[in-house]
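We will go from one selection to the next.

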Amino acid sequence: MENGMNLTLKVWRQQNAEAPGQMVEYKLGNVSPDMSFLEMMDVLNDELIRRGEDSIAFDHDCREGICGMCSMFINGEAHGPNRGVTTCQLHMRSFKDGDTIFIEPWRSAGFPVIKDLMVDRSAFDRIQQAGGFISVNTSGRTMDANAIPVPKSDADKAFDAATCIGCGACVASCPNGSAMLFVGAKVSQFALLPQGQPERKERVENMVKQMDAEGFGNCSNIGACEVQCPKSISIENIGRMNREYLAANLKP
Amino acid sequence: MAKGIFKSSLTKKYTMALTGLFLISFLVVHAAINAMIFFNDGGKTFNEWGHFMGTNLIVRTMEIGLFAGLILHIVDGLVLYFQNRAARPVKYAYEKPSASSQWYSRSMAILGTLILLFLVIHLKDFWLKTRITELTGNKHMYINGVWMENLYSEMRLVFSELWVVILYVVGCFSLFWHLLHGFRSAFQSMGWSQGQYKEIIGLSGDAFSVVISALFASMPIAMYLNLVH
């Protein structure tokens, strides 16, 4: 294909967690506007490999916008300039010929860089393990979930919270590096449902405790997270977490 | 109550919100009493209220609480500021924060610092003179046979200088932007800004920020322009 876009890419390169990193400039020609952003990265990596250079490490998996693996801070925004999409669903038609694109990893004390654009997001796993679950006795007499009545509005809110894919865009775009949208969503999805009630109090206490231990910043209600979230999760979930935590600590 | 609550990031949030709301309630009282100058009665009503505020035991006790609340708000804010800076040890090479948030929401620390600097000047101009040193204008006046401190005359004197008026207006702008984020933020932090309440709280916050800041700013301006008698 001829006459594609010519781009200047400034990419964060870092050999490993300990090594100092830096922004490195690459020129990439003939980029199709129909490519996804990750396909553009694949083409760049192909060129780097042909030249005998080290390819750029970046996270990706499903490339359908549902797994939460892709990240990348593109031109100052988590998952790039479009709203409600992950980086894999961002296409090069969102850019212009001759553009300079800055590509950086998520920046957070809780997300150390593994290599280049790849960060360690296991902090989120540990927060989930602290309470982001319900205990179900699977002895063979498990109660059918559909047998428990749930008000439609609660089910909708719980589902909206449960659409969180744990990508970490909220942390990356928060000027404070706070993880409260993630934790708020994970607390909310259970707090709203009858199945979440038995562990309601311990859940919010333990998840918030783990969140603080991971070195994330404090939420000051700036609201950048809900704008940059690829699943458009509302900060109402943070408000709900605030209430849950207060209630858990005030009630005997 | 779990022991962890005192160290929690959420407790810092509640502290910020509750002290903020307490300070907001003070602003309402302060603005309401100061607005008495607009009665154009030579400061009679205003001085009467000033006398009440300065001599009433309950008000004087609450004043201690006010300073405590202010200090708590400042200390908590500083802790949050430094913790949040530490939460991002490596900065982005390219940032575009304007794409997803308001500048004043991101600038609460600097706006708060400006308000604090203003407060130092403001307390020196009025509070210090009534509590520790002496008024510099016509110090006293008789109202209904009671010998009262003439704060009205002090205001006239302080606000007769243009640079002071400008300084106060700058202080009011800092307050305006601080409140524009702070008011709704306090409700969100307490988890009250949910569902149908979110919009009404947001709009109330915007209206409150405009009204209270404009009211405060109008006082030095009106006095400088001799619109108050």
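Two strands count as paired if DSSP finds at least two bridges between them. Keep that in mind for the first stop. One more thing before we start: this model is predicted.

**Stop 1: the sheet in chain A**

Select the strands β2, β1, β5, β3 and β4 of chain A. These five strands form an open sheet, and β2-β1-β5-β3-β4 is their order across it. The pairing is mixed. In general, strands of a sheet pair through backbone hydrogen bonds, either parallel or antiparallel.

Which strands stand at the edges? They are β2 (22-31) and β4 (77-78) of chain A. Each has a single partner strand, so one side of each is left without a neighbour in the sheet.

Now zoom in on β3 (residues 73-74) and β5 (residues 100-104) of chain A. These two strands run antiparallel, and two bridges join them. Click on A:Phe73: opposite it, in β5(A), stands A:Glu104.

**Stop 2: two domains of chain A**

Colour residues 5-114 of chain A one way and residues 122-250 another. The domain assignment calls these domain 1 and domain 2. Their C-alpha centres lie 29 Å apart.

Look at where the domains meet. In chain A, 18 residues of domain 1 are in contact with 17 residues of domain 2. The domain 1 side of this contact has eight nonpolar, eight polar and two charged residues.

**Stop 3: a helix pair in chain A**

Select α6 (residues 200-213) and α8 (residues 236-250) of chain A. At what angle do they pack? The angle is about 110 degrees, and the axes are 9 Å apart. Angles of 65 to 115 degrees count as roughly perpendicular, so α6(A) is roughly perpendicular to α8(A). The crossing of α6(A) past α8(A) is left-handed.

Show the side chains here. From α6(A) come A:Lys201, A:Val204, A:Glu205 and A:Val208. They meet A:Met241, A:Glu244, A:Tyr245 and A:Ala248 of α8(A). By class, this contact has five nonpolar, no polar and three charged residues.

**Stop 4: where chain B meets chain A**

Show both chains. How many residues of chain B are in contact with chain A? There are 38, and they touch 39 residues of chain A.

Select α1 (9-34), α3 (57-86), α4 (103-106) and α7 (162-189) of chain B. Each supplies at least two residues of the side that touches chain A. α1(B) gives the most, with five residues. By class, the chain B side has 17 nonpolar, 14 polar and seven charged residues.

Terms used
Residues numbered from 1 in each chain as written. Chains lettered and ligands numbered in written order. Predicted model: local features only at pLDDT ≥ 70, side-chain atom pairs only at ≥ 80, totals over all residues. Contact = placed C-beta atoms within 7 Å. Helix = DSSP H or I, 4+ residues; strand = E, 2+ residues; numbered from the N terminus. Nonpolar A, V, L, I, M, F, W, Y, C, P; charged D, E, K, R; others polar. Axes fitted to C-alpha atoms, helices over the stretch in contact; angles between N-to-C directions. Parallel < 35°, antiparallel > 145°, perpendicular 65-115°, else oblique. Left-handed = near helix turned anticlockwise from the far one by under 90°. Domains from an automatic or database assignment.
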